[in-house]
Amino acid sequence: MAIYLVCAIAALAGLLFGFDTGIISGALLFIEKGFPLTTVMKELIVSSVLLGAMAGSLLSGRLTDYYGRRKIILIISGMFIIGTLIASLAPNVNAILLGRLCIGIAIGIGSYTAPLYIAEVAPLELRGGLVSLNQLAITIGIMCSYFINYAFTNTEGSWRLMFAIGLIPAILLCIGMFFLPESPRWLVKQKRLREAKATLSYLRRTAHVDQEVAEIERSLNVHQAKLSEIFAPWIRPVLFLGIMLGFLQQVVGINTIIYYAPTIFQLAGFQDTSTSILATVGIGIVNVIATIFAVLYLDKLGRRVLLLTGLVGMCLSLLALSLAFQWDSAYLRWIAVFSTFTYVISFAFSLGAMLWLLVSEIFPLDVRGAAMGVAVFSCWFWNFAVSSTFLSLLNALGPTNTFLLYASMCVVGFVFCYYKVPETNNVSLEKIEDNIRRGLPLREIGQPVSVAPGKALQKPV
Ligand code: BGC
């Protein structure tokens with residue numbers, strides 16, 4: 001039970017990620033009424049969080065390796081509180097920008113520190129599900145923000161309150177992290193063996209943790225990688241895999257739906273704003289439900305099967321959306337609603353859950369923090385690139401071709417994942433590192449058994 005509580009508290013960072021990225025579409029409508037905003041200012045308010053997240057993920061890659069995972073999550077909870085206070089009490093637009101930037105930096109750091117921390121405290125047979133709790137928290141955060149957007153549709157001047165609600169999870173995260181233990185893997189790396197053993201005994205509810213500690217030690221002692229090794233030839237393939245997963249998660253267009261769903265629904269024929277926002281709440285709900293499915297079945301069905309099935313589902317949904325706009329039929333708006341729902345469901349149980357899980361698993365311990373930072377930066381960079389060009393693409397290409405473009409990215413994603421993504425189900429992080437060291441092809445680094453070159457790989461246990 002302790003392990004579930006520990007992971008749920010750390011996953012509050014994910015909830016804040018979802019809440020703070022989702023709330024802005026609704027809050028913006030009210031900020032505009034209080035302060036006259038130019039288009040550039042509006043874009044800045046929306047993208048300040050994404051810019052901050054990019055900086056956070058890039059700058060702080062080494063922070064978690066240096067200061068430890070727990071301390072960094074504690075610090076970002078403080079940044080969430082300060083950023084939220086600045087934004088919700090803002091006397092002018094610049095203060096809103098400052099607050100949102102601060103929140104963005106916290107999101108960027110938290111978006112890799114939380115899954116990293118969870119992956120390092122989780123026992124291997126539960127790791128997939130527990131790390132995906134973070135993605136579940138992201139989707140719950142998005143859903144809450146949609147509900148709040150809907151609840152406040154007709155309330156003037158409510159943006160301050162909308163932002164301020166984010167204080168609740170931020171304070172809970174701060175209090176919770178205060179009591180949580182440091183990652184045992186990080187403690188071993190710091191040669192604080194006694195603490196590492198005590199932490200593991202607490203998490204595993206048993207005093208027999210010597211073997212696990214020894215395995216972590218072995219992975220550290222045998223391979224003393226330096227930070228500069230993040231670009232070393234043996235790490236390059238996994239770094240490439242992480243960067244590509246970050247890229248793919250965003251170029252399939254998820255945040256065109258998450259951030260702009262009401263716009264898409266209006267384009268498809270729903271005239272009134274509150275119906276569009278209500279349909280968006282529906283998106284938030286199915287996103288959560290499909291993620292629960294991922295959390296429950298990831299460790300049973302395996303990563304690859306969910307990933308590949310989801311990519312097919314996303315591609316077909318985008319094709320349907322694209323064709324519906326092309327034919328402009330009477331059913332357009334219903335096809336739009338149906339296909340955005342199936343799209344979000346397919347994303348949630350595949351790329352949504354899998355990016356954060358795989359990037360927390362594939363990197364060797366010594367460079368894990370920094371390498372994850374690079375992969376997560378890729379995700380935030382492409383998030384910014386896709387969401388800040390969506391409206392211009394709609395204008396320039398029209399909805400049919402825009403969604404066709406994202407559908408073609410799903411095809412690229414399918415081919416890439418089919419050939420390159422390993423099955424990491426039920427394999428220890430140390431074994432994955434071992435396989436990378438031995439130069440196994442990317443797709444095979446999740447094999448749990450030793451294989452001599454040229455020999456057939458045995459089935460995972
Ligand atoms: C992505 C976000 C996205 C969310 C949707 C996350 O995994 O990184 O960009 O908004 O999923 O649920």
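1. The second largest cavity holds about 40 Å³ of space. A cavity here is a set of points, on a 1 Å grid over the protein atoms alone, where a 1.4 Å probe fits but cannot get out. Lining residues have an atom within 4 Å of a point. Grid points are joined across faces, edges and corners, and a volume is the space filled by probe spheres set on the points.

2. This is a predicted model, in which local features need pLDDT of at least 70, side-chain atom pairs count only at pLDDT 80 or more, and totals for chains, interfaces and linings use all residues. Residues are numbered from 1 along each chain as its sequence is written, and side-chain values use heavy atoms, with hydrogens and water left out.

3. Which residues line the second largest cavity? They are D20, T21, I24, V46, V49, L50, R100 and Y259. Helix 2 and helix 3 (39-59) each give two or more residues to this lining. Helices are DSSP runs (H or I, at least four residues), numbered from the N terminus. By class, the lining has 5 nonpolar, 1 polar and 2 charged residues. Ala, Val, Leu, Ile, Met, Phe, Trp, Tyr, Cys and Pro count as nonpolar; Asp, Glu, Lys and Arg as charged; the others, Gly among them, as polar.

4. The whole structure has 2 cavities of 30 Å³ or more. Elements giving two or more residues are helix 2 (12-34), helix 7 (127-151), helix 13 (236-251), helix 14 (254-267), helix 17 (332-361) and helix 18 (368-420). The lining counts 10 nonpolar and 9 polar residues, and no charged ones.

5. The largest pocket has a volume of about 810 Å³. A pocket is an open set with protein on both sides within 12 Å along at least five of seven lines. Of its 31 lining residues, L28, V46, Y260, T263 and L391 are closest to the centre. Helix 2 gives the most to this lining, with 8 residues. The classes are 14 nonpolar, 14 polar and 3 charged.

6. Helix 15 (residues 273-301) gives the most, with 5 residues. L296 lies in helix 15.
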